[in-house]
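Trainee: I have a model open and want to learn how to read its features. Can we start with helix packing?

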Amino acid sequence: MSEMLSELLGNDVETLIAQKRWSAFTRERIDWPEPENVAPELVDVLVGLRPTDQVLFFRSLPKDVAAEVFAYLDRDTRDRLLAKLASDETRHLLEDMSPDDRTALLEELPGKVTQRLLNYLSADDLAEARQLLGYPDESAGRLMTPDYVAVRPEWTIEHALSHIRQRGDDSETIDMIYVHDHEWHLLDALPLKAFILTRPKKTVSEIMDGSFVSISAYEDREEAVRTMQRYDLLALPVVDSDGVLLGIVTIDDALDVAEAEATEDFHLTAAVTPFKTGYWDTSAWTLYISRVGWLAALVLVSLVSSGVIAAYEEVLTREVALSFFIPLLIGAGGNAGSQSATMMIRAISTDEVKLRQWFRVFSREIFIGLILGTSLGLLGFALGLFRGGVDVGLVVAISMVAMLTITNLLGMSLPFLLIRLNLDPASASGPLVASVADAIGLLVYFQVAQWVFRFL
């Protein structure tokens, strides 16, 4: 923080803030760099201030810098600033924000607040915001920005470069230039390098190859991220059902989505209801609510395990040594199921495994489960032989093979089942799989014990 800002201000930043010399931050005294370069450092400064000083500091920033800083802030800080800013300041702030950042802000706010902010927008910005907000939640349409540079195929390269220079400042990126026809159908996506390295008198159509990747505005935003990753794109064009170019998804927004989706999956796999704010920005009550429901449900699932033990009390009474291996068996089964579920959730989320490949995966995991069960079954036989004799060793060994095979298949299958039910496969959390595996493991264990003791 201090090095860049101190260099800009020619003073110690902490001293200026302590003395509340907000005028030192105004445009007249500073030759500000690009807003996106300095915004993260200014955010660090702002969040460290008291709420009343945050507003004063924010008001002292140039409009374009303030808009970029605002886009970096967490939701609670943005809400506080909006509540303190005057209507004219809010109007200028919204006008200076990029369309995708503006949409992200508006869709996070309560409906009444969103409507009030929409009233501050110009007619053009209002039409743009309403168009973006009209797409489904978490769709590529919500993520896209309409700020891009497009040219026509009949233009000369010289004309196209002139247009790029004229419109480039208002675009999110000029790494890719889009070609469209008279009705705005997307025809091609060309790197800026192609225009720079081509003779000025050539036409755009002469350097087109018609090879480009696009996505529907109604596609899920995760699909946009996967597409950009698959094709190493810095920007992805978004089209409607007729192939009309609507906007682009840029790499910075794609990274934000990837982080949000990864965080959500981490929460679900840990049996926590996802929350969108950071840990310190989330209230203790919200953290409690996000966890207590899952924990209560898992307690109910665990009651099944207690019922299984009660049902086989006679078997335990006959051979007390069996009780020594209950934690070992249900622990191994739960761990194997959680491993399998985690790997499958990851493979599905990265589009490496398709829903139609279920049987192929099932066959593969049967083999893996049998190998795992046999390996640990040999260890279990040795432990059972030591603690209870041959019969107990056989019970532990056979149970381990059967249980690890079953729980491995359970962990693999549950994400597929959740997809069939139109649920997030990440809901197949480790604690859930482990709790179900406990009940299955105990049932297998005592059934095997009855069978072995009957014949030995």
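Mentor: Keep in mind that this model is predicted. Two packed helices are described by the angle between their axes and the distance between those axes. Here, α19 and α20 pack at about 155 degrees, and their axes are 6 Å apart.

Trainee: Which relative direction do α19 and α20 have, roughly parallel or roughly antiparallel?

Mentor: Angles over 145 degrees count as roughly antiparallel. The angle for this pair is about 155 degrees, so α19 and α20 are roughly antiparallel to each other.

Trainee: What is the handedness of the crossing where α19 passes α20?

Mentor: The crossing is right-handed.

Trainee: Which residues form the nonpolar patch on the surface?

Mentor: The patch consists of L385, V390, L394, I398 and W451. Together they have about 430 Å² of accessible area. Helix α20, residues 390-420, gives the most to the patch, with 3 residues. L385 sits in the other helix of our pair, α19, which spans residues 358-388.

Trainee: Is L385 buried or partly exposed?

Mentor: Buried needs a relative accessible area under 20%, and exposed needs over 50%. L385 has 40%, so it is partly exposed.

Trainee: Now the salt bridges. How many does the structure hold?

Mentor: It holds 4. The cut-off is 4 Å from a side-chain nitrogen of Lys or Arg to a carboxyl oxygen of Asp or Glu. One of them joins R221 and E138, at 3.9 Å, N to O. This pair links distant parts of the chain, 83 residues apart. R221 is in helix α14, residues 221-231, and E138 is in the loop between α10 and α11.

Trainee: What does R152 form a salt bridge with?

Mentor: Its partner is E154, and the closest N and O atoms are 3.2 Å apart. R152 is buried at 17%, while E154 is partly exposed at 43%.

Trainee: And where do E158 and K201 lie?

Mentor: Their side chains meet in a salt bridge at 3.3 Å, N to O. E158 lies in helix α12 and K201 in the loop between α13 and β4, so the pair ties together parts that are 43 residues apart in sequence. E158 is partly exposed at 42%. K201 is exposed at 66%.

Key. Residues are numbered from 1 along each chain as its sequence is written. This is a predicted model: local features need pLDDT of at least 70, side-chain atom pairs count only at pLDDT 80 or more; totals for chains, interfaces and linings use all residues. Side-chain values use heavy atoms; hydrogens and water are left out. Patches are made of residues with over 30% relative accessible area and no salt bridge: like charges are joined within 9 Å, nonpolar side chains (Val, Leu, Ile, Met, Phe, Trp, Tyr) within 5 Å. Accessible areas come from the Shrake-Rupley method with a 1.4 Å probe; for residues, only the protein chains shown count as cover. Helices (H or I, at least four residues) and strands (E, at least two) are DSSP runs, numbered from the N terminus. Buried means under 20% relative accessible area, exposed over 50%, partly exposed in between (1.4 Å probe, protein chains only). Axes are lines fitted to C-alpha atoms, for helices over the stretch in contact, and angles run from 0 to 180 degrees between N-to-C directions. Angles under 35 degrees count as roughly parallel, over 145 as roughly antiparallel, 65 to 115 as roughly perpendicular and the rest as oblique. A crossing is left-handed if the near helix is turned anticlockwise from the far one by less than a right angle, and right-handed if clockwise.
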